[in-house]
Amino acid sequence: MKTLRTGQKSTLGLAILTGSIIFNSIVLTPCNAAEKKTLLTGKVVEQAVAAPLGTDATKPKNKDDFRIPGRSPEEALKSFVVPEGFEMQLVAQEPQLKDPIVITYDENGLMYVAEYLKFPNHPLEGKSDSGRIRLLKDADGDGKYEQSFVFADGITWPTGICPWNGGVYVVAAPDLWYLKDTDGDGKADIKKKIFTGFGFNNEEGTANNLIWGLDNWIYGAGSNSGGTVRPADQPNARGISMRGRDFRFHPVTGKFETLSGSEQFGNTFDDWGDRFICSNSKPVVHIVLPSRYLARNPYLPVPAVRKSIWVSGNTIYRISPPEAWRVARSRYRLSRKPNMAKTYVADDVFSACSAATIYRGSVYPKQYQGNMFMGEVQGNLVSRFDMRPNGVTFDAVRVDIKKEVLASRDNWFRPANLCNAPDGTMHIVDMCREVIETPTSMTEEIIASIDLLSGHNRGRIYRLAPTGFKVPAQPQMEKLTTAQLIQTLENKNGWWRDTASRLLFERQDQQAIKPLRKLLHESKYDLAQLHAMYALDGLNGLSDEDLLFALSSHSDGLKSHAVKLAETRLQKNSKLFDAVVLLANSTNMKVRFQVAFSLGETGNKTAAKALASIAKRDAGDAWMRTAVLSSSLKLAGGMLESLLADAEFAKTSAGKQILRQLALIVGGRNQKTEVVGLLQALESSSDASTQRMILLGLGDGLRRSRASLSQFADQSPAAAKLVNGMIANAEKILSNDSAKVKQKEQAIEVLAHGKFEAVSDLLTEMLDSRQAPSVQLAASRTLADFKTPEVSSILIDAWQGLSPSVRGEVVESLLGRKEGVNALLDAIENKEIAAGFISPVRKERLMKNRDAKIQARAKKLFFSSVLNPRKKVLDDYRTALSLKGDVAKGKKVFEQNCMTCHKIGKSGHEVGPNLATIQNATPETLLIQIIDPNREVLANYTQYIVVLESGRVVTGIIVSESPTSITLKRAEDVKETILRQNIDEITGTGKSLMPEGMEQKINKQQMQDLITFLQGLKK
């Protein structure tokens, strides 16, 4: 067979739907003779590949042509390929369970299963079941769970389970429940809703995967559907926004907190408490910056809190053939573009990742310990990564070369989740479906030729086990004494340590304190010491002496956690404070990282000096800089003093960066004595570039607090000398025609801190058509920052000479303030600016403006251009698909209309989704997403409107959030980080950043040219 690449959109947090384009890929691999007999699709695939061009291969001769028969559990076991020394074993199967998506094991080895019965979320006949929680028991101890009970039904969208106090917590959007069986009949008689308000946009993005944390909290992935969470019994309580966040809650106090995070479906800890999440095309994402530390400093902008750390490329190595309907869909595409027959071959890529899980068991070989396992439901496989430390984060490196740790030839194998099991192995949750696909991504012909419910009565749980593995006795930890639970903390299997820790916390047995302390001080196993320390903390039995012992440990991991646990005591205990300060010089970067965070809980000069020493050593690492800066709210002045004393450090690139950021915090606080003191300290600096960097940072901070450098220049001769000298040098650069573009951009940045009347003429000159677009952009944005009415007329007068790539930002600036809105409407009325430069979202907002006069003017200007209903336009433009497309002409259409938000190769901007695999979408799919981009929009590509306290309005998609700031991104890859304290209102439009109305810019032939070009793209 030939190797083909086709496309799909899958679910369970498994596919990319961005509101503009759907991406995915799949590879057809050779089948052996036995598989050809098993798969009814073999003949159809060959026919689809060999069909004459022009054949509509999406229409099968009969329904069975597109079907794949399911395999029995015994047959499915034979379809797996695993590493030498391993085998797949069956743990549970239908009819004991069906549609499983999450499992967990309680202290007695009972399996709780979340059954995702409503998948797919589509109005299909007979599909009315809600979700439920199933309880499975292994009655005879043979490792197979043969007894099954409906523990709780009527649970909508259950996606996460965590045992607690004889029952389980379950997250099932929009709710979080506590369920418990008190009479032993296998059915929950306690069913209490704890929280409500989790968002639900689609199956791909709901809160999921609850896990027990070292610190005795329960952690969950928030995913990307947002929501506003409040206690279920307090409907009038102030809700907590889940947008762009993960969460945790305390099972005793009921406290709920949001955390850094937010991807899709997956949530896992390693042994030392580092947390990882994932999304469809990002196998491994590390949460680097904890939100609780960032929240301390409201003046600290934080562009990112997490990092995608997989570094081995996005290729997957599947061994299963693609479904015939996918091949047929690709064939249909080929029939429209014959020259793609030999050039569209491509490798599979990660596009349906789910349930990132760190292996923390005890029976695999050493090289598997701490590896990340990642299910790929679209590819019928599980990938494995080695987690290699890299500074304060990691690199996730593929372990298995050109193969996977686990792959199946069975298309029905859908590894939706993974679980560290009591037996020390990894258990795989197989949803076991013929089709994992959102119906809206299919044509009507395909939907009519498949069965989206096929497999809804199936489900399997497998064990990836060493060959010949004998299942150990089932745990009965409920019966263990306190002393036995403490002894269990030394177990090499992470599940046992976690469960023992949870039970110790549940019991609150104060008699455990003395033996736990003995374990902490005497154990040779640092992970046992770690659990003992947190167990003591959970019992309120952790002493200062315990912490001092751990701070001097040989284990860097234990030291880091001791620093964290000591931070609330540093103000009162000088010995603990001194021990933590000493660790600012630790040879281990992660220890210094935690020290940098924890010293922010103090406020003395010694802490400032210690933070400065970390800054000097680690200024080149962005994550460490942020950790240091998070602690600098009241210490920035002292830190600057220490750092400026080292003239050589101040001259380095990294040194200048952190000095500027510290100065920004001083400016944000806008305390006169601090600002004047910094200006006086700057006078003694002999390095002009250092002075410039600090002044720029100080000026940026002052502007965010509604002050300015020029104000201080009026009050202080020293400040005036520094500021005026910096501005004069910038003016000199801008007056020099031979100055480089980068020099001009930096000079324009300086002029933002001058007085408008002194710098406006020079900034206006930088809008001239002879200037580089980046210079024009810098000048327009700097002008827009001045709160003077003249700015609007300056920008409009310069319109004709502005680069097309700059005009969008100018419109953004004009629409940001009332005077700018009126000036822009004047310009549109006078035909100076075309109405087409105003996006439909903006037009709609203007026509609903609170100002009645603006509203009336906007309606008069834009009402006639209100877009036709998308269905009507789509039906009209479908005729374009019958035209012959031209790649070269399509490229021009793309460059003119799409490159501001999409990137191909080194050209364009990566604001919208990556187009690397766009050739996998059908012409019909592409047309739908171009004409109707708002048909379905994930939260991470929704456009937001942010109103600042100053009255300025900015728009874009939110690409990062921290407790103190949000980062917006819009066309031309323009990013803007805004402090929350400067925000008056945030409104989600519910619409994609990709605008509707493309039909107003390109005709039908151009549409087909564009689609032909997009389908010809290569990775």
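This is a predicted model: local features need pLDDT of at least 70, side-chain atom pairs count only at pLDDT 80 or more; totals for chains, interfaces and linings use all residues.
## Overall composition

The chain has 1019 residues, of which 60% count as buried. Its secondary structure comprises 35 helices and 41 strands. Among contacts in the chain with a separation of 6 or more, 67% are between residues 24 or more positions apart.

## Cysteines

A disulfide is a covalent bond between the sulfur atoms of two cysteines. A search of the whole structure returns zero disulfides. For Cys278, the closest cysteine sulfur belongs to Cys353 and lies 6.4 Å away, which is too far for a bond; the cut-off applied to such a sulfur pair is 2.5 Å.

Cys278 is buried, with a relative accessibility of 0%. Cys432 is likewise classed as buried, at 1% relative accessibility.

## Helix H12 and its surroundings

Helix H12 spans residues 556–566, and helix H10 spans residues 526–538. Their axes come within 10 Å and cross at roughly 10°, so H10 is roughly parallel to H12. On the H10 side, the contact involves Asp526, Gln529, Leu530, Met533, Tyr534 and Asp537. These residues meet Leu558, His561, Ala562, Lys564 and Leu565 of H12.

H12 is largely enclosed by the rest of the structure, because eight of its 11 residues are buried. The buried residues are Leu558, Lys559, Ser560, His561, Ala562, Val563, Leu565 and Ala566. The elements covering them include H10, helix H11 (544–551), helix H13 (574–582) and helix H14 (589–598).

## The H26 and H27 pair

Two packed helices are described by the angle between their axes and the distance between the axes. Helix H26 (residues 773–784) packs against helix H27 (residues 790–797) at an angle of about 160°, and their axes are 9 Å apart. That angle makes H26 roughly antiparallel to H27; the threshold for this description is an angle over 145 degrees.

The crossing of H26 past H27 is left-handed. H26 contributes Ser780, Leu783 and Ala784 to the contact, while H27 contributes Val791, Ile794 and Leu795.

## Arg134 in strand S9

Arg134 belongs to strand S9, which covers residues 131–137. With a relative accessible area of 10%, Arg134 is buried, since the limit for that class is under 20%. A polar atom of the Arg134 side chain lies 3.4 Å from the backbone oxygen of Gln96.

Beyond its neighbours within four places in sequence, Arg134 is in contact with residues from several parts of the numbering. These are Gln96 and Leu97, then Met111, Tyr112, Val113 and Glu115, and finally Ser148, Phe149, Val150 and Phe151.

## Lys884 in a loop

Lys884 lies in the loop between helix H32 (870–877) and helix H33 (887–897). Its relative accessibility is 75%, so Lys884 counts as exposed.

The C-alpha atoms of Lys884 and Gln1008 are 7.0 Å apart in space, although the two residues are separated by 124 residues in sequence.

How values were computed: Residues are numbered from 1 along each chain as its sequence is written. Side-chain values use heavy atoms; hydrogens and water are left out. Buried means under 20% relative accessible area, exposed over 50%, partly exposed in between (1.4 Å probe, protein chains only). Helices (H or I, at least four residues) and strands (E, at least two) are DSSP runs, numbered from the N terminus. A polar contact is a pair of N or O atoms within 3.5 Å; within protein, one must be able to donate a hydrogen and the other to accept it, and residues adjacent in sequence count only if both atoms are side-chain atoms. Contact means heavy atoms within 4.5 Å. Axes are lines fitted to C-alpha atoms, for helices over the stretch in contact, and angles run from 0 to 180 degrees between N-to-C directions. Angles under 35 degrees count as roughly parallel, over 145 as roughly antiparallel, 65 to 115 as roughly perpendicular and the rest as oblique. A crossing is left-handed if the near helix is turned anticlockwise from the far one by less than a right angle, and right-handed if clockwise.
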